[in-house]
Amino acid sequence: MSDYFDDLETRSADERTDDLSRALPKQIARAQGLPGYAGLLDGVDAAAVTSIEALAALPVLRKSEIGKAQAAVSPLGGFAARPAHEFGHIFQSPGPIYEPGGIGDDWWRIGRFLHAAGVGKGDIVQNCFSYHLTPAGMIFENGARAVGAAVVPAGVGQTELQVRAAADIGTTAYAGTPDFLKVILDKADEMGTELSITKATVGGGALFPSLRQAYADRGITCLQNYATADLGNIAYETPAQEGMIVDEGVIVEIVRPGTGDPVAPGEVGEVVVTTLNPDYPLIRFATGDLSAVMEGQSPCGRTNTRIKGWMGRADQTTKIKGMFVRPEQVADFVAKHPEIARARVVASREGEADVMTVKVETTGGDADAYGRTISEILKLKGQIEIVPPGQLPNDGKVIEDIRSYD
């Protein structure tokens, strides 16, 4: 097996930039032709959007907007490049929101991740992702097909049958959530059954270091990826296990929560993704997840950008004194005072009353002026605390709720 899925993984920075400058304008133009983007991309010169920097000037698309469009316009909200009946599958996520799915050509690009994990011809993958309404099962099956592996469409639950199937068929690789494999392995131990699983590809939940080590102690190499129903594969681990490498079919930006503004490299922010999939061209789609870009190149030889993986949720909307405070309001506050590097609203309690403290990271400034702006935007009065640059934690939070609900 080759070390790499294809030549895209080892492109030079110049090659990747040149390829992007050709692919991105076509994708923007494709999106402009879809009714879902009416009002979002009006007036944009697609031919001029040839870089990530130019892309950053476009508006962010949120899943809630797609949900509203689907309810009002069509099953796919006018964001897909073909009608719903021309896709191989239509899936349902909570909301409900519907996502299209293709059945050929590694449509979700999971094959790249499976290849990095050493899964390929000769492997039998026990696919323990759900096949019911949600797309994870089909996403990984499509990827297994791309690398030539056979699939046991196991789904979730029925642990004893899972063990029996894995033993009888000779399953060599697992696909599913990080913790369900342990359930299977523990049941196999209880049944006195020996399994042949040596590879695990996981997603949909946190892979804790202790769990990864427990699998390693059993001779199982466990790698994780980051994917969504809308976008497919976003980033994936390799045997180097140093962050996650951004997939070659997407463009990832890290922005300040509540805005579309890119943060500095290494700073935690919201993951915004543009997919190059011509069937479903999502442009600057906000995932609601937090992550950060890692410096340098992976020692595995793949040259694309690395991110730190999932680091929490960006939607930090919190109710204080009966009023909702949203990340975009905090962003509006910072925008009105250019000298502010970062700000964080902290919700706490004193006695039986809510307290709002706004921590402002700046080299100086007028606390009274900041207080007036906060009152105008949030419709709430709060305490202003000015702190030196670098004082606020690099965790992507612009709203922090430290109230105890016990």
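This is a predicted model: local features need pLDDT of at least 70, side-chain atom pairs count only at pLDDT 80 or more; totals for chains, interfaces and linings use all residues.
Strand S10, residues 244-246, and strand S15, residues 306-307, pair antiparallel over two bridges.

Helix H5, residues 136-146, packs on the sheet. H5 touches S4 (124-127), S5, S6 (173-176), S7 (199-202) and S8 (221-228). The direction of H5 makes about 175 degrees with that of S4.

Now the whole sheet. Nine strands form an open sheet, with mixed pairing. Read the order as S5-S4-S6-S7-S8-S9-S10-S15-S14. Which strands stand at the edges? Strand S5 (150-152) and strand S14 (293-294) do. Each has a single partner strand, so one side of each is left without a neighbour in the sheet.

Next, a sheet of four strands. That one is open too, in the order S1-S13-S12-S11, and its pairing is mixed. Its edge strands are S1 (61-62) and S11 (250-255), each pairing on one side only. S11 runs antiparallel to S12, residues 269-275, and six bridges join them. Val250 has its bridge partner in S12, Thr275.

Last, helix H1, residues 13-32. Its 20 residues, at 1.5 Å each, should span 28 Å. The end C-alpha atoms are 28 Å apart, which agrees. Where does H1 bend? At Ser21, by about 25 degrees, and a proline, Pro25, follows within four residues. Pro25 is also one of the buried residues of H1.

Definitions and conventions. Residues are numbered from 1 along each chain as its sequence is written. Side-chain values use heavy atoms; hydrogens and water are left out. Two strands pair if DSSP finds at least two bridges between them. Contact means heavy atoms within 4.5 Å. Axes are lines fitted to C-alpha atoms, for helices over the stretch in contact, and angles run from 0 to 180 degrees between N-to-C directions. The expected span of a helix is 1.5 Å times one less than its number of residues. The bend at a residue is the angle between axes fitted to the seven residues ending there and the seven starting there. Buried means under 20% relative accessible area, exposed over 50%, partly exposed in between (1.4 Å probe, protein chains only).
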